[in-house]
Amino acid sequence: MDDYEDDEENMWEGGHDGGDSPEEDEEDEEEKLAAQQECLELFSCKDYIMEPGVFSTLKRFLQAGGSPEKVVEMLSDNYTAVAQTVNLLAEWLIQAGVDIKIVQEMVENHLKTMIMKHFDPKKADSIFTDEGETPSWLAEMIEFPTWRELFYKLAEEYPDCLMLNFTVKLISDAGYQGEITSVSTACHQIEVFSRVLRTSITGMLEGGEETITKNLPEFTKMVCHGEHTYLYSQVLMHILAQEIKGGSNIRRLCQELQKSAQAREMDVTPITLALSGAAAYPRACQALSSMLSRNALNPADITILYKMYMEMNPPPVDLIRVPTFLELLIDALFKPLSRVNPEHKPKYIFVLSYAASVTEVYKKGQRKSINKDELKPTTQALERVQSLCAENKSSSELISDINTLFLNIKFPVIAFGVLRWVDYTVSDSSYFKLNTDQTPLHLVLIDEIVTNHVLLHQPALDLFVRVFESSFEDLEVLFRLELKKAVLDRMVHLFSRGFVIPVVTYIKNCLDKQDTDISLIRHFVTEFTSFASSPFYAGHVTCAYWCTPISDK
């Protein structure tokens, strides 16, 4: 209170000295009365003594000639001790036997709810304006995960609040940038965004496929917040992708971002082509841009690419290795009932084969050599398999061609195309009505794909899950069960090829949700144990995940 006494003493010393006119004295007196009235209104608020600005208000009131006794009276009369009452109730609950952590969570959750409900961004910004520096309590709050989470939610709801933007930067500076990947506010601050981007990329590269799958949705949401964040991220990762170590993983993230941006209806085609060096090949750039922007192939544009890649000095192969473009080619060639002009089909096949099989060697940014050794075998194999798939044969009719399919499925691009073809085929509602085989040949083809291509394990499992979870209402109950057992057998084979955790997790979830016939779960366990070479390993996994719940039932 020494400061206030000094201020009050200075105020009295600097009072009327007889030099001012009566009008000026009257105006000065009115200003003081108005200031006193404003301060009195604040003092009349409940628990105003607990507000951060109480001292500045008190100083202003005394300087305006207010009575100290009046201040003490109003602050004490309006003191209801809400915070202290909460603390007292919390102590009573703890003494009554409630765990201290539960009590703390109750208080914090209720306080978070009230803050979210009554938060006023203008008042929050005024805190910084009044104090002129970072409040000490704010630095203390960001040390706790509970309050950091609150700031993240508030920042999402009030992106223009200066106080919240500053708080997000404080959190980033404190080393918690890994937590704020979902905060759109971070996308408006280049320093914070760069820090979060670096942390996210590092975490996904070090964590492997499981971490990428888990964090990719939030990561793409942050990067695709706007065109500026997308462009900045893609340029940065494009540079990193040039590195020999880890470059392919970075390139994969770039492609995932591109897919996510297109799913959000963002036109990122110019950025994609610019980063792939398409500017040096305007005709190829125009052809690709036209198809990618419309998300549809065009025979005229395919012809342009075909002629350019048939030349002695073709454009870089990375130019046509755009995932969206490759997906369009696969669908055009392997989707049943796809209408591709027979005259143009060889061009489609050549462009896809070129993208899948040709490799290039670069040194100091210059292309030194092009390896086309696999181009002709890939093109011939693709022509043979595509013609078989286009005939849309039934399982019995495909038996005579099974050797051809098995031989050519060893090519990765053909395996992916056949998998896509099988997916379209078995997704037809009439497929299983007309197919009486206990194990349809189309599903057996996936076993061969799984055996030869590790990278297609997840798409294969996704297909099995869709078939397994289909209702098949038009089929007889017994045939329906046999069909699902055949699908489970395919999952066991997938398990045997090293895709363990995803398969086990899915079956465990089926058991936990209790929406799957228990005989099917038991069938999977039986087939799994017969496959496992180690009795200890099989018994350990089976007992840990399934045997106890099944026996209980």
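At 21% relative accessibility, aspartate 331 counts as partly exposed, and that residue makes a handy way into this predicted model. Its partner is arginine 420: the two side chains meet in a salt bridge, with N and O 2.8 Å apart. Aspartate 331 sits in helix 18 (residues 323–334) and arginine 420 in helix 23 (residues 412–427), so this pair ties together parts that are 89 residues apart in sequence. What about arginine 420, buried or exposed? Arginine 420 counts as buried, at 17% relative accessibility. The cut-off for buried is under 20%, so the two partners get separate labels: arginine 420 has 17% and aspartate 331 has 21%.

Why do such pairs turn up at all? Side chains of opposite charge can pair when their charged atoms come close. In this structure the count comes to 16 salt bridges. Here are three of them, with the N to O distance for each.

| Pair | Distance |
|---|---|
| Arginine 420 and aspartate 331 | 2.8 Å |
| Aspartate 512 and lysine 508 | 3.1 Å |
| Lysine 169 and glutamate 191 | 3.7 Å |

Take the last row of the table. Lysine 169 and glutamate 191 form a salt bridge, their closest N and O atoms lying 3.7 Å apart. Lysine 169 belongs to helix 10 (residues 162–173) and glutamate 191 to helix 11 (residues 190–207), so the bridge links parts 22 residues apart in sequence. Both ends are partly exposed: lysine 169 has 25% relative accessibility, and glutamate 191 has 39%.

How far apart in helix 28 are aspartate 512 and lysine 508? They are four residues apart in that helix (residues 500–513), which means about one helical turn separates them. Aspartate 512 is partly exposed at 46%, and lysine 508 is partly exposed too, with a relative accessible area of 24%.

Salt bridges with shared partners join Lys169, Asp173, Glu191 and Arg195 into one network.

One more residue is worth a look: threonine 220. You'll find threonine 220 in helix 12 (residues 209–223). With a relative accessible area of 7%, threonine 220 is buried, since the label applies under 20%. Which residues does threonine 220 touch, leaving aside its neighbours within four places in sequence? Its contacts are Glu256, Leu257, Ser260 and Arg264.

Terms used
Residues are numbered from 1 along each chain as its sequence is written. This is a predicted model: local features need pLDDT of at least 70, side-chain atom pairs count only at pLDDT 80 or more; totals for chains, interfaces and linings use all residues. Side-chain values use heavy atoms; hydrogens and water are left out. A salt bridge is a side-chain nitrogen of Lys or Arg within 4 Å of a carboxyl oxygen of Asp or Glu. Helices (H or I, at least four residues) and strands (E, at least two) are DSSP runs, numbered from the N terminus. Buried means under 20% relative accessible area, exposed over 50%, partly exposed in between (1.4 Å probe, protein chains only). Contact means heavy atoms within 4.5 Å.
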